[in-house]
Amino acid sequence: MQAGRVSGGVHFHAAGHDPRPGAGHQPPPQQLPGDLRHFVNRTAELQSLDATLTTGGDPFVPPVCVIAGTAGAGKTALALRWAHQVKDRFPDGQLYVNLRGYDPGEPVAAEEVLPRFLTAMGMTAKAVPSDPDSAAALYRTLLAERRMLVFLDNAATVAQVRPLLPGNAHCLTIVTSRSRLSSLAVRDGADRLTLGTLDEPEAVALLRAVTAGHRADDDSAKLAELARLCAHLPLALRIAAERAATHPHMSLDELITDLCDESALWDALSTGDEEGGEAVRAVFAWSYRALSPDAARLFRLLGLHPGPQFPLGAVAALAGVSVRRARQLLDVLVGAHLLEQRAPDRFEFHDLLRAYACDQAQREEPGEERNAALLRVLDWYLHTADSAQGWIRPHEERLPSQPPAEGVTPLSFADYDQAVDWAEREHANFLPAVRAASDAGLDVHAWQLAAVLWNAKAPSSLTADWLPIGHAGLSAARRAGDRAAQARLLESFGFGYTKLSRAEEARQAHEEALTIRRETGDRAGEADSLNALGLVHLRRRELGPAEARLGEAAALFAELGDTRRQTVTLANLALVRFRAGELEQAAEDIERALAAHRQRDDARSTGNALWILSGIRLELGEPQEALNLAEEALKLALDLRNHVAEACWLLAVGDAQQALGDHGAALTAYNRSATLHRRLRDRSREALAWQGTGETYHRMGRDEEAAGFHRRAAEAHRELGDAWSEAVALDGLARTLYEQNPETAAGHWSESLRLLGGYEDARARRMRADVEARPAADAEG
């Protein structure tokens, strides 16, 4: 039961594929943020941008406009104004993303953006390729016949931008950046506009526009002085104008005196290295000190939030206030242009304001208050993640046992999808939260967050993304001397390394966890580690050790009365017996396990049992029943939004479709499986998808394409040290080559036999007999 699929340069073919499911029924995306209410002048810059669309450049080069300039110069405001002016030229809609290239946290990568853009253009979530190259290719395909505007805001590097560029000249891309992004001009033909500060008349006009209707006609000379103190930077000017508008009875002289005092302070504290930097910070301080004490406190505490965006619940926990009060204070900060609202309950700073808020927290908030605020927000994440785990991995041990800190109200979820939605939204905040706990010496929070987030992460998330979280948590557990916590995290590492085809590291992690659990007398944990080690041996096709470890685990679970885990282990033993070719025993074991999993309504374990039973039924000559079982498993994976399960169980779907002669459907299944496995970085199973593809092409009489897939599968298995799978791939390769090159085929069969010599189970004996019976298997002997 082998399976196969694609990588760059080799293509799958499926007749009748529509790359735009539902495209005719979904309205075009309208993702542009609203235009600014008060936008003045920049006439020359707008005319320069208009020229990009009217000069009739190369008809084969998609127009790209890069608006570069210093922080706070109004790049996004200018780009938004122009985008709204020209959007009618792009009837198929607009796409927008803030790439956060200069935030204190991690920038947004192109591979994170592509799924959002593809679903906005009509793709269903499950139809979006997980492999970045495939997603980028599909993105360009969907844009090929469309006229769309793509707005990439706050880019720091070309790598964030290039995969998101359309491939046709009918679309327009607008990029804003503090960097010049010169290679976009050189390689992609981008036009670049460098945005400076406003000149004095424009700066005064902006001040008047924002304060209109709130103040009497202010003196132009005083407004010019105020503008100079703001360094003519639009961000600073808007904040200053907002302050003036909310204090209509204060004279400009008073406001200017206040700002001069702040400017003098910042001049004394600053190095003068950054153009306009001191003026911007002075305006921030001036506006900040005008806030009410509660709003000012929230502003500076938000600088302590670990991640780039903060949800309403986390804000309430951070400040130790009710959600209602938090929303009131957030409205004040948004109104003062000190905070940006991205969704009804999600907020973020301009990156300059985030740095300023963090600085103010260090300057003004007592250490014990900072620590208490951080503890509250970490508690919110810990307990909300625990609530999510209750839906995502309900059978795993729950943490923590202690209640959340006073003033913290974690979220609860009504169903599985709500929990997964939260995990996906908060993904970018998880690693910063664990690192913040570790840096603050909160080792218990650090390891507990890491442990809970293994079970509460979104099923579609990358295992590799958890590893740095796990490393931070394991270091914290070791500092705390908590052996049980170390074992728990080591077990998670073991499962993670297995998914990443790092079998030796997986074995070492599980062995270390087993040693700890035996030393501490943790019998349930010992059984878990034995089961996990059995799975590592199974992945390496060490069937004897796998059966021994799993048998020990099953006996220990029975002794402990843990019938659920005993059933899980029984299913794993069934897979060992299936791999060994003991089909009748395997079928008996897996059907018992399947019945028990169904009775418990355990969807993940039920799907796994269906997958194993599908393979058995296929080998017993029941391909239609095998397909029914595999498709039932696949539906469960899709309902769970679990890409690991979906990718694996698609192999069984492809195998059954191939056996039934439905070659186009089989190629599609292998294609999706390989793409998912590549995204998940599981090279072993990606290579199995290639093998299935090679076998399908061979059955279709397309041996040249078949050979390419078998060859790549064999190379991957060789690099991974998987002798069995390499032998199977070499046999497939030899069968595709035999008619044209029997001598080369004989060499591959000879090597396949050599690799199979290390296996003595029934399946291996049958496999050797099959290879020995090939027409030229011993031609080199």
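Good morning. A search of the whole structure finds 5 cavities of 30 Å³ or more. A cavity here is a set of points, on a 1 Å grid over the protein atoms alone, where a 1.4 Å probe fits but cannot get out. Grid points are joined across faces, edges and corners, and a volume is the space filled by probe spheres set on the points.

Before the details, a word on the source. This is a predicted model, in which local features need pLDDT of at least 70 and side-chain atom pairs count only at pLDDT 80 or more, while totals for chains, interfaces and linings use all residues. Residues are numbered from 1 along each chain as its sequence is written, and side-chain values use heavy atoms, with hydrogens and water left out.

The largest cavity holds about 90 Å³ of space. It is lined by 12 residues, and Phe39, Val40, Arg42, Pro234 and Arg238 are the closest to its centre; a lining residue has an atom within 4 Å of a point. Helices α2 (75–86) and α9 (234–246) each supply at least two residues of this lining. Helices (H or I, at least four residues) and strands (E, at least two) are DSSP runs, numbered from the N terminus.

I turn to the nonpolar cores. Such a core is a set of buried Ala, Val, Leu, Ile, Met, Phe, Trp, Tyr and Cys residues joined through side-chain atoms within 4.5 Å. Buried means under 20% relative accessible area, exposed over 50%, and partly exposed in between, with a 1.4 Å probe and protein chains only. The largest core has 116 residues, and Leu291, Phe299, Leu302, Leu333 and Trp422 have the most contacts inside it. Helix α16 (residues 367–392) gives the most to this core, with 10 residues. Apart from it lies another core, of 46 residues, among them Leu575 and Val653.

Which residues does Phe299 contact, leaving aside its neighbours within four places in sequence? They are Tyr288, Leu291, Leu333, Leu338, Phe349, Leu353, Tyr356 and Ala357, where contact means heavy atoms within 4.5 Å.

Next, the strands. In β2 (residues 94–98), 5 of 5 residues are buried. Gln94, Tyr96 and Asn98 point one way, and Leu95 and Val97 the other. β2 pairs in the parallel sense with β3 (residues 149–153) over 5 bridges; two strands pair if DSSP finds at least two bridges between them. Tyr96 stands opposite Phe151 in β3.

An open antiparallel sheet has 3 strands in the order β6-β8-β7. Why is one side of β6 (310–311) and of β7 (340–343) left without a neighbour in the sheet? Both stand at the edges, so each has a single partner strand. Pro311 has Arg346 in β8 as its bridge partner, and Gln341 stands opposite Phe347. β7 and β8 form a hairpin with 2 residues between them.

Finally, backbone angles. Most residues other than glycine have a negative phi. Asn154, however, has a positive phi near 60°; Asn154 lies in the loop between β3 and α5 (158–161) and is partly exposed, at 24% relative accessible area. Ser501 also has a positive phi, near 60°, and is buried at 16%. Thank you.

Conventions
1 Å grid on protein atoms, 1.4 Å probe; cavity = no way out; pocket = protein on both sides within 12 Å on 5 of 7 lines; lining within 4 Å.
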